[in-house]
Amino acid sequence: MTTKKEIPPVLEIIRSNIMEYNNPLALNCRQNSSWVRDLELPAQGEILFYTGGEYQLLPYLAPLLKTLTFIDPASKAFSLLMEGRKLVKIIGITPEKVLAGVLAQDKERYNSINYKAAYILKKLGFDLCYDADVEMYSGALLYELGFWQDFKLYAARVVEVIRKTQAKTVVCLSPHAAEMFKVVYPQFNVFPEFNVKTFIELVWEKRDNLPQISDKSTVVIHDSCRLARELGITKEIRDIMESVGVSYVEPVRNKEWTTCCGGPGKMLFPEIARIIAERRVNELAETGASKALLACPYCLSSLQAGSKQERNIIIEDLVEFLYRGFIANV
Amino acid sequence: MSDWQKELAIYTKNLNKASQDENLTRALTRAVKSYRQNVDTALCQYPHTPNLAEEVRAIKEYSMAHNKELLEKAMQAIESNHGHAFYAEDRQAALQIVKDIVGKGKIIVKGKSMLGEELGLREALQEEGNEVWETDLGEFILQLKKDRPMHILAPSIHVPREQVAEIFSKFFQKEIPADITEEVSVVRDFLREKYFTADVGISGANVVAADTGQIVIIENEGNVRLCTGVPPVHIAIVGIEKLVPTFQDAMKVAEVTWRYANYGAPGYVNIISGPSKTGDIEKVITYGAHGPKEFYVIFVNNGRSAMLGDENYRQALHCLRCGGCMYECPVFQITAGHYGRTYLSGIGSVWTAFIEGKESAAPMLYTCLRCGRCVERCPMKINVPDMVGRLRSEVVSD
């Protein structure tokens, strides 16, 4: 008889954070919604802008993963680190503060992607609402890591919270969230009654209204696995590029054959994930492009971490790229 | 720390070490590039292949649903061909049958077989005092190196020619230069003598036709021809998932398998129905002509019926073992067989869960990125990410 094995603490901590705090790293909602600034998005409306707190997570992930490279994810030290939220109760500091310091610049960048995306959609004529007080994470990691019983309960809670916004369409900034709502929730008999669209799809619908972008750099497109393979969105990105007057190149593997950024491996195998990211950056850089564009928070974080200086390629989210066109034309 | 964590820590360390191994990275980078080029060329040259793959998918689905009756039919056909057919429920039973046929103190030449790896067949026969030789060049190198396969079709993918020369020089007790032609030649000479003195030849099979009882083995080196044709006894070990209804079906499966294993046409396709025979004297059929006198086929279950019985996992049995998915897996591309046990990478983690148990498979299951590129490559469109997700949920809820 084999004895029952315990699951690695990192998995359990992510699970309990999502179930208890609606966020994998137990980040609080108010902080996650601080990007809104002057956009004045109502809490209810036809089109819900959904961030799921995913871009907001990234600046915390990067230093955490740096730590992981040196700390064995199966060790006690790692569990302690991941249990930051519990420290709140004991010594009164937030895990955000524990991990702060190093991240001011990244935090600003990733937070502002939410702002820029909402700004672009508003400029394109979409009336957005945003659930600043109670927006919940989609639960993708519960599903990915195998916590399916929790996932089913959690998915129902998410749908209930979204229902209160009265939105008929939910526009997801992260393809992972879109995949959850569109493909995975129904597999668990949770059927959202709203339409699910990605940011890319909404922009694509009004691509003729996008301002031209005068970017002289050679641009290469990196397709994210979820967008390309699960949601089948590849052509839309190319159409958008054409609409803004920017030519682009393709790496050796892309569209439905795209190479993963390594992001999903970060939690348990950070070293492997880093190498996979570096190799993808190499594939992108080998095209001779000086800028890689993508449309997924995890790809952005992974490829940014995997881009070495000697490769000399800028990793940018499509949101950041398109936003520049609007600012230049103000 | 629990066992899970300890095991994970060791596994992670090993995975990280593999990813830093420059020899491995270089070998895999070359292999991935040439695999992709070869498959593209083969699919261009034989453009009917994707449609044929779809046909094979349907054949596999039918075969899984009718596995029991196909097994009965195949066993009867083999017996009527004057061969002997056995069914083994698990590893122990399979090894016992082979041991009973082989006996002790024999010389055995063996072709490459994943099922053989799964059963630990070579080691089990050696423990009985038999002299066993792997005849696939890659497997032979690993036998001498006391190492395990790093890819299901190219087992010694991680061993560069310089290291091969070192291993061979030590074994043959003479200086073997790091020259591939010479390395191949020295093994050829050595094994040639073994084929002709061996008591038993052992092989696997890529597919089995239930109606005719014919087993089909795809190869390039010619070692399987010799293993199965020269010694007086031939034993074939076959997983029950290899059964298809007809000989025509078997040919379709074979062609799709080799095409996605990056061959336009392989060196050899062996089709074996029974022991060698002749009717040249007075039309009296006499068994044991030039080839083996005895022919045994052992069908092995060892966890496969559990896969068969669960509709969520049945598709894992459609795997043709072409190895294409591995070349497209971003983790496998930097770690090779370290991402695996007997069975490797994503599909291997599903197989491991059924053959060795979910706990053994857990580190592999969590290594999968669930990126889905393997599905694009797979001629059977096996949805590995879906099965990996399901198995993870079983691992954490068990």
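Because the model is predicted, local features require pLDDT of at least 70 and side-chain atom pairs count only at pLDDT 80 or more, whereas totals for chains, interfaces and linings use all residues. Residues are numbered from 1 along each chain as its sequence is written, chains are lettered from A and ligands numbered from 1 in the order in which they are written, and side-chain values use heavy atoms, with hydrogens and water left out.

Over all chains, 39 salt bridges were found in the whole structure, a salt bridge being a side-chain nitrogen of Lys or Arg within 4 Å of a carboxyl oxygen of Asp or Glu. One of them joins R15(A) to D150(A), with the closest N and O atoms 3.2 Å apart; this pair links distant parts of the chain, R15(A) lying in helix α1 (residues 9-21) of chain A and D150(A) in helix α9 (residues 148-163) of chain A, 135 residues apart. Helices are DSSP runs of H or I with at least four residues, numbered from the N terminus. R15(A) is buried, at a relative accessible area of 19%, and D150(A) is likewise buried, at 17%, where buried denotes under 20% relative accessible area, exposed over 50% and partly exposed in between, for a 1.4 Å probe and protein chains only.

Within helix α14 (residues 270-285) of chain A, R274(A) and E271(A) are 3 residues apart and so are separated by about one helical turn; their closest N and O atoms are 2.5 Å apart in a salt bridge. R274(A) is partly exposed, at 32%, while E271(A) is buried, at 13%. A network of salt bridges links R253(A), R36(B), E328(B), R373(B) and R377(B).

By contrast, E236(A), in helix α13 (residues 235-243) of chain A, is buried yet has no salt bridge, and the nearest side chain of opposite charge, that of K235(A), is 7.2 Å away. Lys and Arg count as positive and Asp and Glu as negative, with His and the chain ends not counted. When residues up to four places away in sequence are not counted, E236(A) touches I200(A) and W204(A), contact meaning heavy atoms within 4.5 Å.

In chain B, helix α8 (residues 137-145) and helix α9 (residues 161-172) pack at an angle of about 65 degrees, with their axes 10 Å apart; axes are lines fitted to C-alpha atoms, for helices over the stretch in contact, and angles run from 0 to 180 degrees between N-to-C directions. Among the residues making this contact are F140(B) of α8(B) and F168(B) of α9(B).

Key:
Helices (H or I, at least four residues) and strands (E, at least two) are DSSP runs, numbered from the N terminus.
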